[in-house]
Amino acid sequence: MRQFPLEALDLAPGRLVEWRLGRTGEQAGGGADGPVRRASFNQDKHFSVAEEGRKADDLFSSWLAVAFEVSGTLDRSALESALLHFAQRHEVLRCEFRRLAGELACEPLGPQDIGLTPVEVGEFDSTDELRTFLSDSFKERIDTLSWPLFLMGAVVRDDSSTVYLAFDHIVCDGMSMPNVVSDIQTAYTAYAAGCDVVLPTVGSYLDFAQEQRHRYLAISECDSRLDYWKSFIARNGEFFPRFPLDLGIDPERTYPTVNEAFPLLDARQTAELENRCRAVGGKAFMGVLAAVAISLRQTGGPGVYRGVMPVSERGKGGWLGSMGWFVNTLPIEFSAAQEESFAEVVANVRAGFADMLRSIDVPFVRVWELLAPDDFAKRTWPFPVNFFSYADMRKCPGAENHDNWRPTTHVWASRSNGTSSWFQRDTSGLHMNSIYADTPQSRRTMTELRRTLQQVLLENSDFGTIPAPRRQTAGPRVAVPTR
């Protein structure tokens, strides 16, 4: 399971059907009937940015999407039941968000108060036409300020169907996407066989948000739990670590984005990289981050890596299969000096990561508000920020079925003033997806960085070439400007 632009999805033509989420019964056309809950820090900031953008007629938009295959002739009734079961199972998907006395409130509809309406969209004769329709639909209909906050549909053919769902970030994160696939495929198989759906109990993200706000809303900038951040800021000179290479960006504006994806290593090369990391007490993601740091230095960056990275807050308990924004973001710092070997840099990453984890509980948005209030008031990060994200998709729920389900994830953002890169490992190897501001210098810089990174990784995986990409992937050179 990997992440790449929707425009690169190998999507065969077919008949497109959507299922539109709506209120039922007494709640049709009215407000939510559940208890009012407070949104998480991530949700509140995300919603505020959308509100401020709407007022300024400069609405930043984005979405996360997932697609997967259902083999054989589609049982439409079973799929509709599976989609409804999915929406009923996760409380955050049934939430409406609105301001109450300045606070962002979540008002969940009850499971019995939602229903689906099937809509026959029509027949599509070409892959390009179908992908364009989906991309345009996601951009137009996914709106942080409007309910529902996700879309569901399928491209139906005689011998297979592609199911897709697209979400606003306010109800999910990247690691929610495998849960979407696992939940719906499991429920679909059960309903098609006339059986009960058997899935593990999952926690509600609203409970997670409630506990988070209870613990951290009252902290102040003097709290000792912010000491790690303060020490990082003292060495960095500012709250955010800057992306250290030239992107040709005016800090006072944002730009349309380029969305591109590349394979970096095949499965054997990735396993060898992991073995080399384990030999010095590290993990595979530490080797990838070490390679990123070395590549940045080799293309003109400093010998000390400073960046931020998202860290999952799901743990191993009841949140693992939940939908929600279970992500904290923390700074990491380590040496990647020219005289240090790859193994030494991996060891430095390991030490820096251990230091970072000691402050994992304090929510990033709350720290940002306390320690950089001027930047917090802005709708975007103040300049290009050094950002690194890694996920091993082989370890997520349902991963044992991914070869049959062929799930893919897709992220889109309308505008950017910097760059973000996500790295995913699956059974075929290591992959990279980057979204960055579309300037001539950004394209040159990101191309050089990606080539350097691939070479550094190859030098430390004992193999020499990148294989041809498998079917239904982003190819070796996928670059999609998004407007």
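## Cavities in a predicted model

The second largest cavity is lined by 13 residues, and those nearest its centre are Leu-6, Leu-9, Ala-67, Leu-134 and Tyr-164. This is a predicted model, in which local features need pLDDT of at least 70 and side-chain atom pairs count only at pLDDT 80 or more, while totals for chains, interfaces and linings use all residues. Residues are numbered from 1 along each chain as its sequence is written, and side-chain values use heavy atoms, leaving out hydrogens and water.

What is a cavity here? On a 1 Å grid over the protein atoms alone, a cavity is a set of points where a 1.4 Å probe fits but cannot get out, and lining residues have an atom within 4 Å of a point. Points are joined across faces, edges and corners, and a volume is the space filled by probe spheres set on them. Five cavities reach 30 Å³ or more.

For the largest cavity, 15 residues form the lining, and Phe-243, Val-292, Phe-387, Ser-421 and Leu-449 lie nearest its centre. Helix H8 (284–298), strand S16 (419–426) and helix H13 (440–459) each give two or more residues to this lining, with S16 giving the most, four residues. Helices (H or I, at least four residues) and strands (E, at least two) are DSSP runs, numbered from the N terminus.

Back at the second largest cavity, strand S4 (62–71), helix H3 (127–141) and strand S9 (160–167) each supply at least two lining residues.

Here are the two side by side, where Ala, Val, Leu, Ile, Met, Phe, Trp, Tyr, Cys and Pro count as nonpolar, Asp, Glu, Lys and Arg as charged, and the others, Gly among them, as polar.

| Cavity | Volume | Lining by class |
|---|---|---|
| Largest cavity | about 120 Å³ | 11 nonpolar, four polar, no charged residues |
| Second largest cavity | about 50 Å³ | 11 nonpolar, two polar, no charged residues |

Conventions. 1 Å grid on protein atoms, 1.4 Å probe; cavity = no way out; pocket = protein on both sides within 12 Å on 5 of 7 lines; lining within 4 Å.
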